[in-house]
Every structure is written in structure tokens, then in C-alpha cells.
Amino acid sequence: MIRSLRWKGAAFTVPFQLGFVFLYLLPIGYAIHQSLFLQKQSGLGLGGATTEFVGLENYQQGLTDSAFMTSILRVVLFACVQIPFMLLVSLVLALFLDAVTSKVAGRFRIMLLVPYMIPGVVAAIVWINLYSPEVGPLTPLGELFGFDWNFFDPSMVWPAIGNLLTWHGIGYNMVIIYSALQGVPRELFEAARLDGASELRIALSIKVPFVRGALVLTALLSIIQMLQIFNEPALFRNVTPETISDSFTPIMIIYNQAFNAANYHYAAALSVLLALMLGVASFLFYRLTSREAD
């Protein structure tokens with residue numbers, strides 16, 4: 001009877017298992033398979049194309065592709081600035097919500113979640129219009145205070161994209177951190193206040209250490225998302241192609257190789273390489289933060 005109940009319980013996971021196999025494992029396996037081949041033209045390119053097995057040749061080309069590696073370095077440097085800033089703001093907002101009443105926190109939580117509810121493409125279009133010197137209000141507002149800024153300038157495009165990503169992701173990360181704060185025993189706060197600790201000291205010495213796991217989780221999710229950034233640079237490229245090239249981010253290079261150059265096999269190899277780099281980066285970050293916690 002117990003075995004029968006176990007099988008019945010496992011049956012509820014069948015839809016997830018099927019989705020995981022058909023939507024994740026099979027596409028990954030197909031991408032790996034495609035990455036081992038290369039389409040070559042016969043003669044002077046006038047004959048038919050043949051698909052040949054080349055082994056790891058596409059991977060070797062990807063690792064020596066200066067444009068691909070430069071795009072990864074560009075995104076990594078940007079992530080080193082944007083992710084800590086976004087998580088710091090999310091942490092401060094979560095601490096603020098934890099300090100107020102639950103009624104006030106509920107209202108602010110919904111308001112801060114609104115940007116995350118907006119699709120990324122829509123949010124990018126909205127901010128591009130806000131940045132626009134012709135129709136946006138930010139350029140005239142800056143001129144009132146003596147700032148002559150152009151958000152589509154090469155020196156400002158990354159801060160402009162970073163502001164968009166931060167605005168869009170603060171609410172989601174804040175909710176995760178705030179949920180972790182709700183699990184902190186309230187008795188610790190009362191004991192600390194009796195010992196004369198200020199609210200700032202309670203936040204830094206009690207609350208922040210308790211939400212370390214939530215911070216690691218949000219950082220991991222942000223790292224994975226950042227290396228896959230595509231929508232925002234692609235939309236910015238439509239406005240300022242002289243600033244953002246088609247090799248600005250790794251995903252833009254993969255997209256161009258697959259759909260513009262029709263080099264699907266090389267694009268598959270670059271996708272696998274990027275996935276491996278994401279996995280290694282996430283694993284190293286998790287191990288590093290776990291070791292510091294121990």
C-alpha cells in the first residue's frame with residue numbers, strides 16, 4: 001500500500017519530467033550534436049553544401065574568437081558593477097520594509113514589484129524613449145541642472161542599460177530578501193534592543209547575516225541572467241547602431257551566427273561554450289560564498 005501511494009505521488013511529477021526532458025535535455029543534446037558538425041560549400045561555393053563531422057573544431061574556433069571572448073569580458077566587467085549595486089539597493093529596500101508595519105510593507109512591496117511585472121522588451125522600449133533627446137524628458141531635465149548628457153553616447157550606454165536592468169530587477173530581488181528576513185526570530189531584535197543596540201546595528205549584525213543565503217541566491221540568478229543579456233542591447237542597437245555593434249554581447253553574436261549568417265553549427269558550439277562558462281562561474285561563486293559563510 002505504501003509503495004502504491006509512492007507511485008501515485010510520483011505520478012504528479014510526470015508533467016514536469018516530460019517538460020524537463022523535451023524542453024531542456026533534448027534541446028541541449030541536439031545543440032551538442034549540431035556543434036560537432038560544419039556545413040561546407042563544395043568547389044567555388046556554387047555547388048551544394050555538405051555537412052561534415054568536424055569534432056571539436058567549432059569549439060576551438062569559439063575559444064579563439066576574439067569578438068566572442070571580448071563580448072564575454074565586456075559583460076563580466078559590467079556585471080561586476082551592476083549586480084552588487086542592484087543587490088545593495090534591494091537589500092536596503094528589504095530592510096526598510098522589514099522595519100515598517102506589515103500593512104505599509106505590503107503596499108510598498110506591490111509598488112516595487114510593478115517594474116518586474118513589465119516584460120523586459122516593453123521596459124526597454126519605455127526607457128529608450130525616456131532616454132531619447134528628441135522625445136524623452138531626461139535630457140531637458142539634465143539641462144536644467146547643467147548636465148549635457150547623451151544616454152546613447154558610448155560612455156553612457158552601459159550606465160543607461162544598467163539603470164534599466166536595476167530598475168527592472170530590484171523588486172524581484174527585494175521580495176526574495178524580504179521573505180528571508182521574515183524568518184529571522186524577532187526575539188533576537190528585542191534582546192539586542194535591551195542591550196542598547198541601535199536599529200542600524202541590528203540590521204548589520206543580525207539581519208544581514210541571516211539573509212546571506214538569499215543574497216547568494218539572488219546573486220547567482222543575476223549572474224546567469226547577465227551573461228544572457230540580449231533584449232536591451234538589441235533594442236538599443238536599433239537606436240544607436242554606431243555605439244552598439246552586433247557583437248556587443250555573447251547572445252547577440254550567437255543570434256547573428258544562427259539567423260543572419262546561417263551558421264547554425266558554430267552558433268550551437270558558442271551556445272554550449274556559454275552554458276559551460278555560466279555553469280563554471282555559478283559553481284565557483286557558490287563555492288566561494290559557501291566557504292566564506294563556513
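## Phe236 and the main core

In this predicted model, Phe236 contacts Ile128, Tyr131, Phe152, Val157, Ala160, Ile161, Leu164 and Ile244, with neighbours within four places in sequence left aside. Phe236 is also among the residues with the most contacts inside the largest nonpolar core, together with Tyr131, Ile161, Met226 and Ile244. That core has 29 residues.

At least two residues of this core come from each of α4, α6, α8, α11 (212–227) and α12. Helix α8 gives the most, with 6 residues. A second, separate core has 13 residues, including Tyr59, Ile253, Ala267 and Ala269.

## Helix α6

Which residues of α6 are buried? They are Ala123, Ala124, Trp127, Ile128 and Tyr131. Viewed down the axis of α6, these buried residues fall within an arc of 135 degrees, so they line one face of the helix. An α-helix has 3.6 residues a turn, so residues three or four places apart point the same way.

The buried residues of α6 pack against α7 (138–144), α8 (157–181) and α12 (231–239). Helix α6 covers residues 120–131, and at 1.5 Å a residue its 12 residues should span 16 Å; the end C-alpha atoms are 16 Å apart, which agrees.

## His168 on helix α8

His168 belongs to helix α8. Its relative accessible area is 15%, and because buried means under 20%, His168 counts as buried. Apart from residues up to four places away in sequence, His168 touches Pro115, Tyr116, Ile118, Pro119, Gly120 and Ala123.

## Helix α2 and the annotated spans

Helix α2 (residues 14–35) has 22 residues, which at 1.5 Å each should span 32 Å; its end C-alpha atoms lie 30 Å apart, in agreement. A bend of about 35 degrees occurs in α2 at Val21.

An unreviewed UniProt entry lists residues 12–32, 72–96, 108–130, 156–181, 210–230 and 264–286 under "transmembrane region". In the model, the span 72–96 is 100% helix and 0% strand, with its end C-alpha atoms 35 Å apart. The span 108–130 is 91% helix and 0% strand, and its end C-alpha atoms are 24 Å apart.

## Exposed and partly exposed positions

Is Ser66 buried or exposed? Its relative accessibility is 55%, and the cut-off for exposed is over 50%, so Ser66 counts as exposed. Ser66 lies in helix α4, which covers residues 66–99. From Ser66 to Phe283 the C-alpha distance is 25 Å, and the two are 217 residues apart in sequence.

Two further positions lie in loops. Glu242 is in the loop between α12 and α13 (250–260), and with a relative accessible area of 66% it is exposed. Glu242 and Pro154 are 88 residues apart along the chain, and their C-alpha atoms are separated by 8.8 Å. Phe147 sits in the loop between α7 and α8 and counts as partly exposed at 47% relative accessibility.

Conventions
Residues are numbered from 1 along each chain as its sequence is written. This is a predicted model: local features need pLDDT of at least 70, side-chain atom pairs count only at pLDDT 80 or more; totals for chains, interfaces and linings use all residues. Side-chain values use heavy atoms; hydrogens and water are left out. UniProt positions are given in the numbering used here, feature names are shortened, and annotations may be inferred rather than shown by experiment. Helices (H or I, at least four residues) and strands (E, at least two) are DSSP runs, numbered from the N terminus. The expected span of a helix is 1.5 Å times one less than its number of residues. The bend at a residue is the angle between axes fitted to the seven residues ending there and the seven starting there. Buried means under 20% relative accessible area, exposed over 50%, partly exposed in between (1.4 Å probe, protein chains only). The arc is that of the directions from the helix axis to the C-beta atoms. Contact means heavy atoms within 4.5 Å. A nonpolar core is a set of buried Ala, Val, Leu, Ile, Met, Phe, Trp, Tyr and Cys residues joined through side-chain atoms within 4.5 Å.
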